[in-house]
Amino acid sequence: MNETMTAVIGALGWVGCAMCLTGYYLVSSRRIMGDSLRYHALNMGGASLLAMACVTTGAWPSFFSNFIFIIIGTYVVLTTKRAYMAARLKAVTANRRAQREAVLATLSEQLSQAAIPMPLQRSTDDSAEAVERAWRTASTDLVGTRPVVR
């Protein structure tokens, strides 16, 4: 590897070191949480740049520890993202369910209060049986509503 490339990778290693230290400072000063995606992005980015610098210099123990940091950070990011997506999906589902139930309750209330005129069939038979038969016929035609005779 030529000297220019080695110098660039060395500079990127220092940037990685600054990223890791910045993440540590922000967590220690309680400006970000230790389980936040921002912290893990800083830590994984810094560890990646440091690991790259370690490979060029042959510092294998340091490379291995940075590689472990990358694996742990990736696991936590994926787990946190999965938990966030599950919570978001649960909230959206609950919101939609509540909206659906509100619409159904409104429609049910409107239907129960609706005054639906029923046609009266004039017949010569005014007996109680004829009235009962007409009422049952009208009730089965209007399931779920209260028929109103005008």
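Good morning, colleagues. The model is a prediction, in which local features need pLDDT of at least 70 and side-chain atom pairs count only at pLDDT 80 or more, while totals for chains, interfaces and linings use all residues. Residues are numbered from 1 along each chain as its sequence is written, and side-chain values use heavy atoms, with hydrogens and water left out.

I begin with the overall architecture. The protein contains four helices and two strands, in the order α-α-α-β-α-β from the N terminus. Helices (H or I, at least four residues) and strands (E, at least two) are DSSP runs, numbered from the N terminus. Of the 150 residues, 18% are buried; buried means under 20% relative accessible area, exposed over 50%, and partly exposed in between, with a 1.4 Å probe and protein chains only. Accessible areas come from the Shrake-Rupley method with a 1.4 Å probe, and for residues only the protein chains shown count as cover. Among contacts with a separation of 6 or more, 60% join residues 24 or more positions apart, a contact being heavy atoms within 4.5 Å.

Let me turn to helix H1, residues 3–28. H1 has 26 residues and spans 37 Å from its first C-alpha to its last, close to the 38 Å expected at 1.5 Å a residue. The expected span is 1.5 Å times one less than the number of residues. Its buried residues are Ile-9, Gly-13, Gly-16, Cys-20, Gly-23 and Leu-26, and their cover includes helix H2 (37–57). After H1 comes Arg-30, with a positive phi near 60 degrees.

Met-1, Met-5, Val-8, Leu-12, Val-15 and Met-52 form a nonpolar patch with about 540 Å² of accessible area together. Four of these residues, the largest share, come from H1, whereas Met-1 lies in the segment before H1. Met-1 counts as exposed because its relative accessibility is 71%. Patches are made of residues with over 30% relative accessible area and no salt bridge; like charges are joined within 9 Å, and nonpolar side chains (Val, Leu, Ile, Met, Phe, Trp, Tyr) within 5 Å. A salt bridge is a side-chain nitrogen of Lys or Arg within 4 Å of a carboxyl oxygen of Asp or Glu.

Next is H2. This helix has 21 residues and reaches 30 Å from first to last C-alpha, close to the 30 Å expected. Its buried residues include Tyr-39, His-40, Asn-43 and Cys-54. H1 and helix H3 (60–113) are among what covers the buried residues of H2. Just after H2, Gly-58 takes a positive phi of about 80 degrees.

Finally, the aromatic residues. Rings of Phe, Tyr and Trp (its six-membered ring) pair if their centres lie within 6.5 Å; planes under 30 degrees apart count as stacked, over 60 as edge-to-face and the rest as tilted. By this rule there are two aromatic pairs. Trp-60 and Phe-63 are edge-to-face, at 5.7 Å centre to centre and 85 degrees between the planes. These two residues are three apart in helix H3, so about one helical turn separates them. Phe-63 is partly exposed, with a relative accessible area of 25%. The rings of Phe-63 and Phe-67 are stacked, because their centres are 6.0 Å apart and their planes are at 20 degrees. Together, Trp-60, Phe-63 and Phe-67 form one aromatic cluster.
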